[in-house]
Amino acid sequence: MKYILNHEDKPYRKFFEDIASIPHESFKEKALSDYIVKFADDRGLWHHQDQVWNVIIKKPASPGYEDHDPVMIQGHIDMVCVKTADSDHDFDTDPLELYVEDGFLRAKNTTLGADCGHGISYMLAILDDKSLKHPPLECLFTVQEEVGVGGPKHLDYSLLTAKRLIFTDSMGEGAPEMSTTSVLGGNFVKPVTFEPAVYKGGIVGLSNAVASLSEPVSQVHFYKISVGGLAGGHAAVDINKGRANAVSILARTAYELMKAGDIKLCSFKAGTLKNNIPNTGEMVICTALSDVSGAIAKMDANIKAEYRETDPTPFVKAETVSAAERSLSAKTTAEIIHWVMEIPTGCYMASHDDASFPLTSRNMGTAELMEDKFVIGYMFRTSVKSHLEMLFDAQMVLCEIFGASWEKEYDYPGYVSEVGTPMYNTYEAVYRQFTGKELKPIRIHAGTDVGSLIEGMGGLDVIGIGPNTYKFHTPEEALDLASYDRAYRYITGVLEKL
């Protein structure tokens, strides 16, 4: 492959480029997992790969550190795969197209995978470097972090002994995360039944249509309604920024059309991941309405005005399309639209100490009309345990009203660490040595593998170390290369002091 970065004295950069050349979306991490196993084989390092492709690699202590307590280093090998609307990138087969712009590493029209590719590259470089000073190392490469922290649930914790952890899934230089949220994710599901959209000569099930089967097909219209130009973003990091949600806007647009007459859903799809704020979506409707331009223009103007400070170029547009063979009934369509209109998304409560920090949020990340069901992908995040039950119960009330149910996919714990632990103090000493500055600990409104690892190991002294990474989970994702270099020195400096 052709490398684009300067790798001199920076082996982790080469490993990052290798990682970027291997498709590794969540649930599709096997190729990257196998690459990591081969890496260990080639170097004669002990390793274990489990049935879901988590990998553990152990490296003996460097000379003089044999009697030091072991240290675990952890990162996740899956990435969020999002691309621009005009990209033809295939995440299942194509390598990422990396480029450097103004000191930032990016990927052309796609997410970069620096979350957590930078951490994986650090771990491989540390394992590969025989000159480093460090205690016994247990490097843990987990899977499925971006879709519900699935990897830690399958770990054989008896293979791990370290009680100290450096986690690399950290996105701010000198700003270690001291707490994460508890998370519940899954799908709300409403069963549906399709019917033929158009019968012999007309449309059935719309109050505005003539009931006679002799009505001409020209009275039946099919429109594709598209929403786009939204900022999207990470459903934890960006949930407090008031950004538009494509699922909500599509439902709102459908309701605006329903004010003029019945509509029937032929298709509906928005969003890519529960963990992302959906930035695009589209639906195809069947209706007797011959002109929807007024309603669409109204919605387009409203969205542009409402989100002018949060979203780049929002739009709602409609175009006529060829007839679909089937649709939902007008009644079922109305039930779905009414239901989605009632589902909250965004920040529920912010911290009283810092109004910019969300304590509890909900994200309606995806919605799709499938073969026999309408499915809404949803996440709850909270630092207040009682909120989780309360807000979940509120959604179950809506499910009862609209004939839907809940299918849980995952839940995982958050954690709270304290300033002044041995790992924190070690990192702060190293950071001060390199920069002359103090650490600025933060709390984050997100879930990571760490809470599950602490629970699985019966307690860990943890610290997060990573570079500045921006706009992750979006095609604008960028890794600050200078920060990337500095954070590697922090990790190796901490290892030397342990």
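In this predicted model, the axes of helix α4 (residues 246-258) and helix α5 (residues 293-306) cross at roughly 145° and come within 9 Å. Two packed helices are described by the angle between their axes and the distance between the axes. The crossing of α4 past α5 is right-handed. On the α4 side, the contact is made by Ile-249, Arg-252, Thr-253, Glu-256 and Leu-257. These meet Ala-295, Ile-296, Lys-298, Met-299, Asn-302, Ile-303 and Glu-306 of α5. By type, the residues of this contact divide into 6 nonpolar, 4 charged and 2 polar.

Helix α3 spans residues 114-128, 15 residues in total. From its first C-alpha to its last, α3 reaches 20 Å, close to the 21 Å expected at 1.5 Å a residue. Of the 15 residues of α3, 14 are buried, that is, under 20% relative accessible area, so the helix is largely enclosed by the rest of the structure.

Next comes a sheet. Four strands form an open sheet in the order β4-β5-β23-β22, and their pairing is antiparallel. β4 (98-101) and β22 (469-470) are the edge strands, each pairing on one side only. Thr-469 has Leu-479 in β23 as its bridge partner.

A helix also lies on this sheet. Helix α10 (residues 481-497) lies across β4, β5 (104-107) and β23. Relative to β23, α10 runs at about 55°.

Notes
Residues are numbered from 1 along each chain as its sequence is written. This is a predicted model: local features need pLDDT of at least 70, side-chain atom pairs count only at pLDDT 80 or more; totals for chains, interfaces and linings use all residues. Side-chain values use heavy atoms; hydrogens and water are left out. Helices (H or I, at least four residues) and strands (E, at least two) are DSSP runs, numbered from the N terminus. The expected span of a helix is 1.5 Å times one less than its number of residues. Buried means under 20% relative accessible area, exposed over 50%, partly exposed in between (1.4 Å probe, protein chains only). Axes are lines fitted to C-alpha atoms, for helices over the stretch in contact, and angles run from 0 to 180 degrees between N-to-C directions. A crossing is left-handed if the near helix is turned anticlockwise from the far one by less than a right angle, and right-handed if clockwise. Contact means heavy atoms within 4.5 Å. Ala, Val, Leu, Ile, Met, Phe, Trp, Tyr, Cys and Pro count as nonpolar, Asp, Glu, Lys and Arg as charged, and the others, Gly among them, as polar. Two strands pair if DSSP finds at least two bridges between them.
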